[in-house]
Amino acid sequence: MGQPNITSPEYSRPLLDAVAAAAAPGERLVLVGHSHGGLSVALAMERFPDKVAAAVFVAAAMPCVGKHMGFMRRTAPEGLLMDCEMVAINNSQGSGVAINLGPTFLAQKYYQQSPAEDLALAKMLVRPGNQFMDDPVMKDESLLTNGNYGSVKKVYVIAKADSSSTEEMQRWMVAMSPGTDVEEIAGADHAVMNSKPRELCDILIKIANKYE
């Protein structure tokens, strides 16, 4: 069984298919990616730049032209992952390594500003997340180009209380892609849509109106 691929049906393929089929002539989309979903949005931008008016990265992984998408995985500070576990997986998409987010990590790094019921639900629904460590797509430095990915307007929404990637890490990704607009949400943890839903909604509406 082969290695799982980030473009496979269980991961980015539904988004890529939706963007391919969406938008009438002259109409363009605003894509929004959160956390590792930013990588899937980047793939859609590269493949369909003429269909994307803007891409919004909400506390998300935002790759840059000239670097492979795994470049952003800088070594985690000691203790950051707390009770998370790296687990081997072997499913219909192949074998690989996934991370299983622990309950303490979720409470202190992802959902520390979110309502208790959202944290409880996250603990119930958490599943191992593939890291795609051996995926050739993640290692391809020529994958994202200036002419496609680099031509699409990017907006990064910084979650200022995100304890998983930190504000410094988010600003580092912005600095790697000059020209990226920045919005900030004070008090937002990594689960921005739970901790500051109204503020996030207001920003998304503003962006959609700007690029309609």
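These legends walk through a few close-up views of a predicted model. Residues are numbered from 1 along each chain as its sequence is written, and side-chain values use heavy atoms, with hydrogens and water left out. Because this is a predicted model, local features need pLDDT of at least 70 and side-chain atom pairs count only at pLDDT 80 or more, while totals for chains, interfaces and linings use all residues.

**View 1. An open sheet of 4 strands.** Here the strands run in the order β1-β2-β6-β7, with parallel pairing. Strands here are DSSP runs of E, at least two residues long, and helices are runs of H or I, at least four, both numbered from the N terminus. Two strands pair if DSSP finds at least two bridges between them. At the edges stand β1 and β7 (181–185), each with a single partner strand, so one side of each has no neighbour in the sheet. On average, neighbouring strands are turned by 20° against each other, direction ignored.

**View 2. Where β6 meets β7.** Strand β6 (residues 153–159) pairs with β7 in the parallel sense over 5 bridges. Look for Ala 159, which stands opposite Ile 185 in β7. Helix α5 (residues 166–176) packs on the sheet, touching β6 and β7, and its direction makes about 170° with that of β6. Axes are lines fitted to C-alpha atoms, for helices over the stretch in contact, and angles run from 0 to 180 degrees between N-to-C directions.

**View 3. Val 32 in strand β1.** Val 32 sits in β1 (residues 29–34). With a relative accessible area of 44%, Val 32 is partly exposed (buried is under 20%, exposed over 50%, partly exposed in between, with a 1.4 Å probe and protein chains only). Leaving aside neighbours within four places in sequence, Val 32 is in contact with Val 41, Val 56, Val 58 and Leu 204; contact means heavy atoms within 4.5 Å. Val 155 is 123 residues away in sequence, yet its C-alpha is 9.4 Å from that of Val 32.

**View 4. The largest nonpolar core.** This core has 28 residues, and Met 45, Phe 57, Met 69, Tyr 149 and Tyr 156 have the most contacts inside it. Such a core is a set of buried Ala, Val, Leu, Ile, Met, Phe, Trp, Tyr and Cys residues joined through side-chain atoms within 4.5 Å. Helix α2 gives the most, with 6 residues. Zoom in on Phe 57 and you'll find that its contacts include Gly 33, Val 41, Met 45 and Tyr 156. Apart from this core lies another, of 15 residues, among them Val 56, Val 58, Ile 203 and Ile 207.
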